[in-house]
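Subject: Structure handover

Hello,

Here is the structure I promised you. Please open it first, then read the notes below.

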Amino acid sequence: MDKICFGIDVGGTTVKLGVFDASRKLLRKWEIPTRTEEQGAHILEDIRDALLGEIEDRGLSMDQVQGAGIGLPGPVTPDGIVNHCVNLGWGRMNVENDLSRLLGGVPVHAENDANVAALGEALYGAGAGHDSMVIVTLGTGIGGGVVIHGKLISGSHGAAGEIGHIPSYRGAKKPCNCGNIGCMEQIGSATGIAQKAVELMEETDWPSALRNCRHVTARDVMMLHGQGDAIADATIEAVIDALGRGMATIGCVLDPEVFVVGGGVSKAGQWLMDALEERFERYAFHACRGSRVIAETLGNHAGIYGAAALALQE
């Protein structure tokens with residue numbers, strides 16, 4: 001066999017792993033638990049053990065490993081230093097150097113997890129064939145990533161693509177987790193959607209089936225939207241408006257060919273893509289209105305594809 005590389009996507013619950021050949025074909029994917037105890041001291045060791053086991057099972061030598069890419073839930077500087085991955089218990093550390101040392105010198109390239117997911121979608125998924133793409137990931141929070149001419153744009157501090165903190169939500173009543181107020185994440189994320197619905201129930205006497213929910217979720221709100229439920233409809237209107245404003249801001253700076261929308265909230269369906277595209281065009285600078293809004297295709301596997309591509313590009 002020719003050389004292989006590994007794509008690694010580290011999450012707070014599991015680490016997703018993929019082994020690819022030199023032509024970027026996925027040969028196998030699997031997961032291991034993310035052990036966050038002891039400030040995540042064993043995470044890189046567990047990744048090492050999993051990769052060495054795969055190399056041994058395939059009867060390969062370390063010389064046949066071209067490299068590894070790793071996506072991490074936090075900002076990563078261009079020299080591979082991650083600055084506080086809160087979900088993992090990590091402080092400041094050089095993940096590239098540390099994992100490379102554990103793997104006997106195999107080159108390792110680290111990036112923010114949303115960035116590697118963006119690269120995966122750009123090269124293999126919904127963004128394939130498009131010259132420029134911004135991914136908008138609507139999950140527990142809002143993540144993002146920018147790919148121009150097939151290359152990730154990371155920024156001087158590793159924070160390019162942190163689109164969830166664009167100040168586009170005018171109705172915010174308390175600060176975001178980042179300390180600012182009015183971040184797009186405060187309304188457009190799954191957490192924000194549920195919170196907005198609860199706020200509206202507290203502030204109004206509008207009828208809503210959501211009042212019967214013991215614990216309101218974004219899925220509950222999405223399912224009731226468009227069925228005449230006053231709270232659900234008002235919530236989604238606020239969501240679409242804030243996301244549209246934020247995307248219009250992105251358009252003025254980057255003018256991407258496509259916005260690729262991913263994350264759990266994106267599973268609401270095509271109506272969400274259509275609504276976001278309409279609102280983006282309403283607020284966007286006229287020369288930017290040609291950008292389309294489409295759904296992701298790789299889902300949870302985008303990270304391992306992007307991480308492997310990062311290793312192969314390097």
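Start with strand β11, residues 258–262. Five of its five residues are buried, so the strand is largely enclosed by the rest of the structure. Keep in mind that this is a predicted model.

Now look at the two faces of β11. Val258, Val260 and Gly262 lie on one side, and Phe259 and Val261 lie on the other. Both faces are covered, as these residues are all buried. In a regular strand, side chains alternate between the two faces of the sheet.

Next, the pairing. Strand β8, residues 132–138, runs parallel to β11, and five bridges join them. Met133 has Val258 of β11 as its bridge partner. β11 also pairs with β12, again in the parallel sense, over four bridges. Here Phe259 stands opposite Val293 of β12. To get from β11 to β12, the chain passes through helix α9, residues 270–283. This β-α-β crossover is right-handed.

Then follow the chain past β12. Leu298 sits in the loop between β12 (292–295) and α10 (302–313). Is Leu298 buried or exposed? Its relative accessible area is 17%, and buried means under 20%, so Leu298 counts as buried.

Which residues does Leu298 touch, leaving aside neighbours within four places in sequence? Leu298 is in contact with Gly120, Glu121, Tyr124, Gly125 and Tyr305.

Leu298 and Thr140 are 158 residues apart in sequence. In space they are 18 Å apart, C-alpha to C-alpha.

Best wishes

Methods
Residues numbered from 1 in each chain as written. Predicted model: local features only at pLDDT ≥ 70, side-chain atom pairs only at ≥ 80, totals over all residues. Heavy atoms only, no water. Buried < 20%, exposed > 50% of the residue type's maximum accessible area, 1.4 Å probe, protein only. Contact = heavy atoms within 4.5 Å. Pairing = 2+ DSSP bridges. Right-handed = clockwise from strand over helix to strand, strands pointing away.
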